[in-house]
Amino acid sequence: MQPVQVPAVAIENLPEKLPNNDAVVLDVREDDEWQAGHAPDAVHIPLGELAGRLDELPAEKDVFVVCRSGGRSARATAYLNQNGWDAVNVEGGMKAWALTDRPVVSESGNTAEIL
């Protein structure tokens, strides 16, 4: 069996304004990682909870999936695409997001924990 190809986008090719009317950012990291810093207005569903919380994702929007560095989000992207979503893995995850000066909000006030 061939490995599943996961659609991916490099951070520099990701639309500047996300989420928007056509797309949502899904963060699949754990709660402590989310609290350290995440994309503004992202949807937070830890990877282990994704299968049971699919109803929280809009089916009509593109889903850009992010984790810390890209591994968990690749698995989530494959799963979502197998279940009818148009999902794309964000290469480099929140590490790349933060390093390219995209906006990050934090519940803890310490976004340095992302890196």
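1. Start at aspartate 27: its bridge partner in E3 is histidine 44. Strands E2 and E3 run parallel, with 2 bridges joining them. Keep in mind while you look around that this is a predicted model.

2. On to the next pairing of E2. Strand E2 covers residues 23-27, strand E4 covers residues 62-66, and the two pair in the parallel sense over 5 bridges.

3. Now zoom out to the whole sheet. It is an open sheet of 5 strands with parallel pairing, and the order across it is E1-E5-E4-E2-E3. Strand E1 (8-9) and strand E3 (43-44) are the edge strands, since each pairs on one side only. Helix H2 (residues 71-82) packs on this sheet, where it touches E2, E4 and strand E5 (86-90). The direction of H2 makes about 170 degrees with that of E5.

4. Why is E2 described as largely enclosed by the rest of the structure? Because 5 of the 5 residues of E2 are buried. Look at which way they face, too: Ala23, Val25 and Asp27 point one way, while Val24 and Leu26 point the other way.

5. Serine 73 is worth a look. This residue lies in helix H2. Is serine 73 buried or exposed? It counts as buried because its relative accessibility is 0%, and the cut-off for buried is under 20%. Leaving aside neighbours within four places in sequence, serine 73 is in contact with Val28, Val65, Val66, Cys67, Asn89 and Val90.

6. For the overall layout, count 3 helices and 5 strands in the chain. Read from the N terminus on, the elements go β-β-α-β-β-α-β-α. Take the contacts between residues at least 6 apart in sequence: 64% of them join residues at least 24 apart.

7. A word on surface and interior. Of the 115 residues in the chain, buried ones make up 41%. The chain exposes about 6,300 Å², and carbon and sulfur atoms supply 47% of that area.

8. Last, the rings. How many aromatic pairs are there? The count comes to 0. There is a charge over a ring, though: the charged end of arginine 102 sits over the ring of tryptophan 97, 5.4 Å from the ring's centre.

How values were computed. Residues numbered from 1 in each chain as written. Predicted model: local features only at pLDDT ≥ 70, side-chain atom pairs only at ≥ 80, totals over all residues. Heavy atoms only, no water. Pairing = 2+ DSSP bridges. Helix = DSSP H or I, 4+ residues; strand = E, 2+ residues; numbered from the N terminus. Contact = heavy atoms within 4.5 Å. Axes fitted to C-alpha atoms, helices over the stretch in contact; angles between N-to-C directions. Buried < 20%, exposed > 50% of the residue type's maximum accessible area, 1.4 Å probe, protein only. Areas by Shrake-Rupley, 256 points an atom, 1.4 Å probe, with all protein chains shown as cover. Phe/Tyr/Trp six-rings, centres within 6.5 Å; stacked < 30°, edge-to-face > 60°. Lys NZ or Arg CZ within 6 Å of the ring centre and 35° of its normal.
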